[in-house]
Amino acid sequence: MIPSAIQSYLRRHRVPFERYAHARAVTAMELVDALNVPAWRVAKSIIVLADRQPWIVVVPAMATVDLRQVRHTLGVRTARLAAESEFADHFPDCETGAEPPFGELYGLPVAMDESLSANERLLFRAGSHEEALEMRFQDFARLEWPLVASFIQPLSREEEKASSYGAPVEDSGASA
């Protein structure tokens, strides 16, 4: 279930959203399969430590975060994927691994891969492995004011084709 804090946050800011119950899905690609949607429609939140500052980096479901690009864009010396133990306290009402991209609510800066801005709507986890949330990209951008830049490694041709048609491909990024 989507935590009440997230629902209240969105309602308080008058952001319309839709909820989708689904079979338990731990990875972003499992979420794609559970919702039977193309992979490009699903965004995943990856927690990155950039010079020890946690960031929520939002990327397409089948993408892999390019930490070199994160370092360059954020202007930091180090960037690495955070261990769950390093960020779980920031999301006390969420299931570990189902962190939402709402940095304003959880006190973290948000960066988003520019490829997601091409989507009219975004589908992502909102604290639960059994329910997803969908909202307009423009509403998300207005709510979070994310840093938008390129944060992913280029997809292979096979991955590009799979993301276009929603075909299952092994999740190549950090778990979402």
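**Strands, turns and rings**

Visitor: Which residue in β3 does Lys 44 stand opposite?
Guide: Lys 44 has Val 59 of β3 standing opposite. Before we go on, please keep in mind that this is a predicted model, where local features need pLDDT of at least 70, side-chain atom pairs count only at pLDDT 80 or more, and totals for chains, interfaces and linings use all residues. Residues are numbered from 1 along each chain as its sequence is written, and side-chain values use heavy atoms, with hydrogens and water left out.

Visitor: What makes a stretch a strand or a helix?
Guide: Both are DSSP runs, numbered from the N terminus: a helix is H or I over at least four residues, and a strand is E over at least two. Counted this way, the protein has seven helices and eight strands.

Visitor: How do you know that β2 and β3 pair?
Guide: Two strands pair if DSSP finds at least two bridges between them. Strand β2 (residues 43–50) is joined to β3 (residues 53–60) by eight bridges, so they pair, and they run antiparallel. Strand β4 (residues 79–81) also pairs with β2 in the antiparallel sense, over three bridges. One place to look is Leu 49, whose bridge partner in β4 is Arg 80.

Visitor: How many residues of β2 are buried?
Guide: Eight of its eight residues are buried. The label means under 20% relative accessible area, while exposed means over 50% and partly exposed is in between (1.4 Å probe, protein chains only). Both faces of β2 are covered: Ala 43, Ser 45, Ile 47 and Leu 49 are buried on one side, and Lys 44, Ile 46, Val 48 and Ala 50 on the other. Across the protein, buried residues make up 52% of the 176 residues.

Visitor: What is the phi of Asp 51 in the hairpin of β2 and β3?
Guide: That hairpin has two residues between the strands, and Asp 51 takes a positive phi near 50°. Arg 52, also in the loop between β2 and β3, has a positive phi of about 70° although it is not a glycine. Most residues other than glycine have a negative phi.

Visitor: Why does Asp 51 count as partly exposed, and why does Arg 52 count as exposed?
Guide: Asp 51 has 37% relative accessibility, which falls between the two cut-offs, so it is partly exposed. Arg 52 has 76%, which is over 50%, so it is exposed.

Visitor: What is the order of the strands in the open sheet of three strands?
Guide: The order is β1-β7-β6, with antiparallel pairing. Its edge strands are β1 (18–21) and β6 (121–125), and each pairs on one side only. Five bridges join β6 to β7 (residues 131–136), and Leu 123 has Glu 134 in β7 as its bridge partner. Helix α6 (residues 137–144) packs on the sheet and touches β6 and β7; touching, or contact, means heavy atoms within 4.5 Å.

Visitor: Which residues does Glu 114 touch, not counting residues up to four places away in sequence?
Guide: Glu 114 touches Val 148, Ala 149 and Ser 150 on that count. Glu 114 lies in the loop between β5 (110–113) and β6. Its C-alpha atom is separated by 5.0 Å from that of Ala 149, although the two are 35 residues apart along the chain. With 43% relative accessibility, Glu 114 sits between 20% and 50%, so it is partly exposed.

Visitor: How many aromatic pairs does the structure hold?
Guide: There are six aromatic pairs. Rings of Phe, Tyr and Trp (its six-membered ring) pair if their centres lie within 6.5 Å; planes under 30 degrees apart count as stacked, over 60 as edge-to-face and the rest as tilted.

Visitor: Why is the pair of Phe 102 and Phe 140 called tilted?
Guide: The ring centres are 6.3 Å apart, within the limit, and the planes stand at 50°, between the two angle cut-offs, so the pair is tilted. Phe 102 lies in the loop between α4 (84–87) and α5 (103–106) and Phe 140 in helix α6, so the pair ties together parts that are 38 residues apart in sequence. Together with Tyr 9 and Phe 124, they form one aromatic cluster.

Visitor: Why does Phe 140 count as buried?
Guide: Phe 140 has 0% relative accessibility, which is under 20%, so it is buried. Phe 102 is buried too, with a relative accessible area of 0%.

Technical notes: Axes fitted to C-alpha atoms, helices over the stretch in contact; angles between N-to-C directions.
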